[in-house]
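Hi there,

Here is the structure I promised to pass on. Have a look at it first, and my notes follow below.

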Amino acid sequence: MFDWLSSIGRWLERYVIALPIYYAAPAMIVIGALDSSLLSLPEINDYLVVGRCFRQPSAAFYFPLFAAIGSVIGCLLLYTIMQRGGQALLRRRFKRENIERVERAYARYGILAIAIPALLPPPMPFKIFVATAGTLEYPRWKFLVTVMIARSVRYYVEGILAVFYGRRVLSFLRDNGLVILSVVTAGAVLILLVYAIINRRNSRPIDVSTEESVDQKLPREAPPTEISE
């Protein structure tokens with residue numbers, strides 16, 4: 001059923017990897033934008049980043065950035081469409097129970113609800129989190145910065161691993177997606193706990209009686225004396 005997508009993916013991989021950087025960079029941005037918005041090209045960005053960095057190790061310094069930029073542009077497009085279309089458009093595109101699950105994730109975890117799916121490779125779903133962010137009118141710039149950072153980390157890690165381990169990194173990511181998800185989720189929960197503890201300490205109420213006793217111990221200023229002319 002998806003043989004034509006595989007064929008397109010192989011064709012894009014071959015020519016994007018083989019092209020000079022001044023052609024490959026805009027092509028990577030366009031592919032990333034299409035994949036994150038209107039089309040679904042599973043793992044194509046990951047394959048292109050890994051393939052390019054494996055063939056040209058110096059590309060690991062800059063090529064993942066083009067994939068991240070393209071993904072952010074595509075996410076912005078989908079975010080804008082869903083923001084204008086509202087819940088009706090969202091419910092036509094995704095199942096109701098999945099939407100409710102994502103909405104609960106936003107309400108509970110905030111920024112991590114978009115950061116973790118953007119960071120993890122397939123089969124972790126991502127578009128439903130982008131679409132829901134649009135319908136919930138999640139802050140645009142906060143959303144874009146989060147996606148940019150998470151996608152950059154993901155593609156740079158893949159590019160660096162490709163330099164040392166070649167294309168096997170994609171098989172590892174695909175076969176160990178559950179392990180990676182568990183590790184990232186555990187890390188996110190740990191960060192949330194640390195943040196909650198620090199926030200609780202900073203918001204601890206001040207003992208008024210202590211303030212009064214300290215105030216009583218402080219020397220009081222003498223009242224100003226009037227000088228008669």
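Glu-137 sits in the loop that links helix H7 (127-135) to helix H8 (140-165); helices here are DSSP runs of H or I with at least four residues, strands are runs of E with at least two, and both are numbered from the N terminus. Glu-137 is not a glycine, yet its phi is positive, at about 55°. Its relative accessible area is 56%, so Glu-137 is exposed (exposed means over 50%, buried under 20% and partly exposed in between, using a 1.4 Å probe and protein chains only).

Before I go on, please note that this is a predicted model, where local features need pLDDT of at least 70 and side-chain atom pairs count only at pLDDT 80 or more, while totals for chains, interfaces and linings use all residues. Residues are numbered from 1 along each chain as its sequence is written, and side-chain values use heavy atoms, with hydrogens and water left out.

Now the overall picture. The chain has 11 helices and zero strands. Of its 229 residues, 38% are buried. Among contacts (heavy atoms within 4.5 Å) with a separation of 6 or more, 76% are between residues 24 or more positions apart.

Next, the salt bridges, meaning a side-chain nitrogen of Lys or Arg within 4 Å of a carboxyl oxygen of Asp or Glu. The count comes to three. In one of them, Asp-46 meets Arg-154 at 2.8 Å, N to O. This pair links distant parts of the chain, with Asp-46 in helix H3 (residues 44-55) and Arg-154 in helix H8, 108 residues apart. Arg-154 also meets Glu-158 in a salt bridge, at 3.8 Å, N to O. Those two are four residues apart in helix H8, so about one helical turn separates them. Glu-158 is buried, with a relative accessible area of 3%. Through shared partners, the salt bridges join Asp-46, Arg-154 and Glu-158 into one network. Both Asp-46 and Arg-154 are buried as well.

Arg-96 and Glu-100 form a salt bridge too, at 3.2 Å, N to O. Here Arg-96 is exposed, at 55% relative accessibility, and Glu-100 is partly exposed, at 30%.

Which residue does the side chain of Ser-36 join in a polar contact of 3.0 Å? The partner is Ser-71; a polar contact is a pair of N or O atoms within 3.5 Å, where within protein one must be able to donate a hydrogen and the other to accept it, and residues adjacent in sequence count only if both atoms are side-chain atoms. Ser-36 lies in helix H2 and is buried, at 3% relative accessibility. Beyond its neighbours within four places in sequence, Ser-36 has contacts that include Gly-74, Lys-127 and Arg-151.

Finally, the aromatics. There are five aromatic pairs, counted when ring centres of Phe, Tyr or Trp (its six-membered ring) lie within 6.5 Å, with planes under 30 degrees apart called stacked, over 60 edge-to-face and the rest tilted. Phe-63 and Phe-66 make an edge-to-face pair, 6.1 Å centre to centre with 85° between the planes. Both lie in helix H4, three residues apart, and both are buried. Together with Tyr-62, Phe-63 and Phe-66 form one aromatic cluster.
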